[in-house]
Amino acid sequence: MKTIKGPAIFLAQFAGDAAPFNSFDSICKWASDLGYKGVQIPTWDARLIDLNKASGSKGYCDEIKGVAASHGLEVTELSTHLQGQLVAVHPAYDAAFDGFAAPEVRGNPKARQEWAVDQVKRALRASRHMGIKAHATFSGALAWPYVYPWPQRPAGLVEAAFDELAKRWTPLLDYADDNGVDVCYEIHPGEDLHDGVSFEMFLERVNNHARANLLYDPSHFVLQQLDYLDYIDIYHDRIRMFHVKDAEFNPTGRQGVYGGFQSWVNRAGRFRSLGDGQVDFGSIFSKLTANDFDGWAVLEWECALKHPEDGAREGADFIKAHIIRVTEHAFDDFANAGTDDAANRKMLGLS
């Protein structure tokens, strides 16, 4: 078994225009002072990283790693959640997702998609330059508007959507392989890859590509009422990344999984700071450890109630307390009688 690394923190929800959140150096110092050992970088945020430089210069990537190291931190992974989303966008979401793209490609879905593909490739090259083996992203979505349809979906609609999704991602997965990096899809409502079955549909279409892997985040499964522990048993061979995020689901006679169009505070299902929700992290860390997950435990803070800085401060200690330092000895080694093959056969009555 291997000991999970951490605690680490995803910087996307904390980056801002005010110190200490407005530069990579200052946000690293802040994270280190809280007790974190690693940072996951959103590649779309120019306050933290210049992705164009990172994709073309190992020297620049070494500088980024050096800044982190000066505060006792490692760069755990890079993320293209926003750019990956734009690899596949249903036209119903064109306007909503345009803000994720560079200004020069907004209003032009074809150019926006090409830009997104280039962004993911750049992040994969940057990961290689940094010696990082896993990359976080979203799959994007073509079929999501039809997830719970009325009228019923026409035959072949979902199949066509997943065929196209696989067609768009297969070259990127091949490119990831060329760079020695796993693509880790965060399984997430709003993405076509939103549960185990939809991931399997995609995996079949990319011919079980070795680089098509998973970012495990139990919070999204609480909100879907999916068994997040059984999920580990089923997919542990594909889990390469781990977002430690809490959530709760409290259905009433008035609303359930879909939330009734309410704000986050008023939904039956909502994200919470670590320890304030319903996720059984003790069992999660145990299952991941037993299955030899040796990646990072990365806080992704999202909470409808608590201040982010409080959530970050509490999260470092929470993750640290849940990381299991694996044993090198069996608990009953003290009772080892030192038997050998001949003794074993004698005990079985075979000699």
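Y185 has a bridge partner in β6, and that partner is L214. Four bridges in total join strand β5, residues 182–186, to strand β6, residues 212–216, and the two strands run parallel. Bear in mind as you look around that this is a predicted model.

Now step back to the whole sheet. Eight strands close into a barrel with parallel pairing, and you can follow them in the order β1-β2-β3-β4-β5-β6-β7-β10. On average, neighbouring strands of this sheet are turned by 30° against each other, with direction ignored.

Helices lie against these strands. Helix α1, residues 24–34, lies across β1 (5–10), β2 (38–42) and β3 (74–80), and runs at about 140° to β2. Helix α11, residues 281–290, packs on the sheet too, where it touches β6, β7 (239–244) and β10 (296–299). The direction of α11 makes about 160° with that of β7.

Next, the open spaces. The largest pocket has a volume of about 1100 Å³. To find its centre, look for W144, P189, G190, W264 and R267, which lie nearest to it among the 33 lining residues. At least two residues of this lining come from each of α4 (81–85), α9 (218–224) and β9 (269–272). By class, the lining of the largest pocket holds 15 nonpolar, twelve polar and six charged residues.

The second largest pocket has a volume of about 520 Å³. It is lined by 26 residues, with K5, K133, R240, D294 and G295 the closest to its centre.

Terms used:
Residues numbered from 1 in each chain as written. Predicted model: local features only at pLDDT ≥ 70, side-chain atom pairs only at ≥ 80, totals over all residues. Heavy atoms only, no water. Pairing = 2+ DSSP bridges. Axes fitted to C-alpha atoms, helices over the stretch in contact; angles between N-to-C directions. Contact = heavy atoms within 4.5 Å. 1 Å grid on protein atoms, 1.4 Å probe; cavity = no way out; pocket = protein on both sides within 12 Å on 5 of 7 lines; lining within 4 Å. Points joined across faces, edges and corners; volume = space filled by probe spheres on them. Nonpolar A, V, L, I, M, F, W, Y, C, P; charged D, E, K, R; others polar.
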